Amino acid sequence: MEIDGFQVRIISEEKGKGLFALRPYKEGDVIFEEKPIICCQFSWNAMYRYLACDNCMQPLETAEENAQRLTMKPDIILPHMECCETNKESIVECPACGVKYCCTECQNEAFQRYHRTLCLQSKEKNDQHPLVQLNETWKQMHYPPETATIMLLARMVASINQATDKAAAVSTYSQFCHRTVNDTQEIAHNLLGEKFVGQIDVLRQMMQNALDSEYIPQWFTPDGFRSLLALVGTNGQGIGTSSFSRWVKNVSALELPKDERIQVDKLIDRLYDDMEEVVGSFLNNEGSGLYILQSAANHSCVPNAIVEFPYSNSTLVLKATRDIHPGEEICIGYLDECALERSRHSRQKALSSLYLFLCRCDKCLSQVDDPDVTSDDDHMSD
Ligand SMILES: [Zn+2]
Ligand SMILES: [Zn+2]
Ligand SMILES: [Zn+2]
């Protein structure tokens, strides 16, 4: 696959696909923008009233409401609300179940692609609905910090059931990285944790009970279901959106008189401190999505590109973090920035448990003789 400026190509059977530059990129250049094939907010995140469009994850609260909720201080007033991007006037809801969208386009897109199948058809909470039960069971197995949700799998199934060309829809999902049965088993287990290994089959049966599997029986066999879990576990890209952080960004770009600037900056610092006390690191609407191009980018502990969500919705932007030459592989960091700073041993432990590979990036190769020590600040070990 060749697209303006870069190319997706097979590196080897073992390494799979990779993303390669065909032209030079300067630091800060946008390499591509991409919408997800499918995305979904995390289950606990939604339950804790992190309000996002059910289709594109755009925040539905104003920055002020967001700050009030996350600090638990309902009387907070933000200055310069012209810097808030949330347009509450365009918010619409599904007339049958009350799920909210940022605009009519999102509502229509969701309904045509998957929501017709997944609509609960009632605004009252119905604990007996098979989809509600599936989600509740999942929540009991997968606590925050969340990395996946069973509802993303439900959306994948629904999107195939609703597709006019079902074979094409199935083959869209088959472009994502696939693993051997053994690998799949290990990834699915690592995703849920040892405690819940025996429950994977419970989830599978509940999903079968909730959704029509006629078009994709292969996803509902024990092996098929595990490989679906592994697919979202290894290819799912985390998405985070926040109306408050957008407001902060816009306010910071304003030209203000010196005194006012000091006041505003103080207010922002104080609000972040208050939020940290109440919600810790759970500041954003969080979810995950599947992206065709992004999923072709391999990991490096010294990546030359970064994934960003500059529109505060699920549209992803891949940006060069340093100059990239034609022919060079474009890599992203699968671990967060602070995890990338840990020792080689710590990084490899994290990568092998989440993605089952031994990293052979330049940094790891140069540290190959380092002793196998775990970094002091290593929170990934348990
Ligand atoms: Zn939307
Ligand atoms: Zn609905
Ligand atoms: Zn590495």
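1. Start with the zinc ion (ligand 3): its four donor atoms subtend angles of 103 to 113°, which makes the arrangement tetrahedral. Four donors count as tetrahedral if all angles lie between 85 and 135 degrees. The protein donors are C301 (SG), C359 (SG), C361 (SG) and C364 (SG), at 2.3 to 2.4 Å from the ion; donors are N, O and S atoms within 2.8 Å of the metal (3.2 Å for Na, K and Ca), and water is not among the atoms, so sites may look incomplete.

2. A word on what you are looking at: this is a predicted model, in which local features need pLDDT of at least 70 and side-chain atom pairs count only at pLDDT 80 or more, while totals for chains, interfaces and linings use all residues. Residues are numbered from 1 along each chain as its sequence is written, chains are lettered from A and ligands numbered from 1 in the order in which they are written, and side-chain values use heavy atoms, leaving out hydrogens and water.

3. Along the chain, the donors of the zinc ion (ligand 3) follow the spacing C-x57-C-x1-C-x2-C. Helices (H or I, at least four residues) and strands (E, at least two) are DSSP runs, numbered from the N terminus.

4. Buried means under 20% relative accessible area, exposed over 50%, partly exposed in between (1.4 Å probe, protein chains only).

5. Now turn to the zinc ion (ligand 1), coordinated at 2.3 Å by C53 (SG), C56 (SG), C102 (SG) and C106 (SG). Angles of 107 to 114° make this arrangement tetrahedral. The donor residues are spaced C-x2-C-x45-C-x3-C in sequence, and both C53 and C56 are buried.

6. The largest nonpolar core has 53 residues, of which I150, M156, Y173, M207, W219 and L229 touch the most other members. Such a core is a set of buried Ala, Val, Leu, Ile, Met, Phe, Trp, Tyr and Cys residues joined through side-chain atoms within 4.5 Å. Helix 5 (150–162) is one of the elements supplying at least two residues, and helix 5 gives the most, with nine.

7. Finally, G233 sits in helix 9. G233 and T147 are 86 residues apart in sequence and 7.6 Å apart in space, C-alpha to C-alpha.

Notes: Tetrahedral: all angles 85-135°; square planar, octahedral: opposite > 155°, others 65-115°.
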